[in-house]
Amino acid sequence: MPFTSPQGFEPAVAAPMQAGEAHWFIFKGDRLLVALGPPSPQPSDDPRVPARPSWASLPGSETLQKNNNILWFEPARTLYLGRLAGTDCWAAEAPADASAPPPGLAWEGLRTLFSVLEDAHFALAGRAIQLLDWDRSHRYCGRCGTPTEAKPEERARACPACKLAVYPRISPAVMALVRREGEILLGRSPHFPPGMYSALAGFVEPGETLEQCLAREVEEEVGVRVSRIRYFASQPWPFPNSLMIAFVCDWESGEIRPQAGEIEDANWFKVLHLPKLPSRISIARRLIDAAVQEMREGT
Ligand SMILES: [Zn+2]
């Protein structure tokens, strides 16, 4: 599953004593610094990606070095991520006014890099962008306004005045695929690309179980009640800091009534006649594909 922690990755907070060969995940805004091949003749399966390169790779350390500095600009922040198969991994944020990258390198969005950049690097890029965003957003204590300090031994920032500690924030969101005889319920939110439908999803509220969240979201969004909620899988989702937890469930009662402002349209789709679906970058597509295959096989 895209964005899940890769095999052979050991997260760590304390930077190594000696600088050696390293993977650098350098972001400017939400775009990663990569070396890019020529445009690919094969389009992306993501309607949000108009064109994609034939290949992409993290910049080699030789292209990052200038005057014995690792980067050609002063990073706004750097974070040590850990080791991938023994190689140190770093995240860095370029300032908004960083000059253009050296020839052969470019800033590129993560969606464009899906299935183009090596999977392990893609997953760590998703981790890096979330940690950079968290670090940037917690420079000051949310309780008393004092500048916070990074804790050396764990991924946290602490306030020296009131001792409040903040950890990287993850927002759990539940995804629900509702099925009934030969059909699945899909909806589209107003910000989806034209024609695309997906499973329903919503954020967990304080005090809710995942199952309660699912039942509430489905009823709010389409006015349908469900039963037999079964866990499918989960996926870290860095747009911006979610954990998607996906379930399949059965329709119990109610006619579809899309929630104004949230759901532009929702329908029952026969598993042999599906609309345009999300990219395989997301768990939504894997959830739909798995359920549809199961239903086609009659289980
Ligand atoms: Zn404080």
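**Exercise 1. Place E10 in the fold.**
Find which strand holds E10, and decide whether E10 is buried, partly exposed or exposed.

*Solution.* 
- Step 1: E10 sits in strand β1, which covers residues 9–11. This is a predicted model.
- Step 2: The relative accessible area of E10 is 40%. Partly exposed lies between under 20% for buried and over 50% for exposed. E10 is therefore partly exposed.
- Step 3: Now look for its contacts, leaving out residues up to four places away in sequence. E10 touches L81, G82 and R83.
- Step 4: Compare sequence and space for E10 and S234. They are 224 residues apart in sequence. From C-alpha to C-alpha, E10 and S234 are 20 Å apart.

**Exercise 2. Trace the partners of β2.**
Work out which strands pair with β2, and in which sense each pair runs.

*Solution.* 
- Step 1: Locate the strand. β2 spans residues 22–28, and six of its seven residues are buried.
- Step 2: Take β6, residues 87–93. β2 and β6 run parallel and are joined by six bridges.
- Step 3: Take β3, residues 31–36. β2 and β3 run antiparallel, joined by two bridges. Here K28 has R31 as its bridge partner in β3.
- Step 4: Inspect the turn. β2 and β3 make a hairpin with two residues between them. G29 lies in that turn and has a positive phi of about 60°.

**Exercise 3. Describe the zinc site.**
Identify the protein donors of the zinc ion and the geometry of the site.

*Solution.* 
- Step 1: List the donors. They are the SG atoms of C141, C144, C159 and C162, lying 2.3 Å from the zinc ion.
- Step 2: Check the angles. Among the four donor atoms they are 100 to 120°. The site is tetrahedral.
- Step 3: Read the spacing along the chain. The donors follow C-x2-C-x14-C-x2-C.
- Step 4: See what the site brings together. C141 and C162 link distant parts of the chain, 21 residues apart. C141 is in the loop between α3 (119–137) and β8 (149–150). C162 is in the loop between β9 (157–158) and β10 (165–166).
- Step 5: C141 has 7% relative accessibility, so it counts as buried. C159 is buried too, with a relative accessible area of 2%. C144, at 40%, counts as partly exposed. C162, at 26%, also counts as partly exposed.
- Step 6: The structure holds zero of them.

**Exercise 4. Order the strands β8, β9 and β10.**
Give the order of the three strands in the open sheet, and explain why β8 and β10 each have a side without a neighbour.

*Solution.* 
- Step 1: The order is β8-β9-β10, with antiparallel pairing.
- Step 2: β8 and β10 stand at the edges, and each has a single partner strand, so one side of each has no neighbour in the sheet.
- Step 3: Check one pairing. β8 and β9 are paired over two antiparallel bridges. E149 stands opposite A158 in β9.

**Exercise 5. Examine E217.**
Decide whether E217 is buried or exposed, and find what E217 contacts.

*Solution.* 
- Step 1: E217 belongs to helix α4, residues 210–222.
- Step 2: Its relative accessibility is 11%, so E217 counts as buried.
- Step 3: Its side chain makes a polar contact of 3.3 Å with the side chain of R216.
- Step 4: Set aside neighbours within four places in sequence. E217 is then in contact with A201, G202 and F203.

How values were computed. Residues numbered from 1 in each chain as written. Predicted model: local features only at pLDDT ≥ 70, side-chain atom pairs only at ≥ 80, totals over all residues. Heavy atoms only, no water. Disulfide = S-S within 2.5 Å. Buried < 20%, exposed > 50% of the residue type's maximum accessible area, 1.4 Å probe, protein only. Donors = N, O, S within 2.8 Å, 3.2 Å for Na, K, Ca; no water. Tetrahedral: all angles 85-135°; square planar, octahedral: opposite > 155°, others 65-115°. Helix = DSSP H or I, 4+ residues; strand = E, 2+ residues; numbered from the N terminus. Pairing = 2+ DSSP bridges. Polar contact = N/O pair within 3.5 Å; in protein donor to acceptor, adjacent residues only side chain to side chain. Contact = heavy atoms within 4.5 Å.
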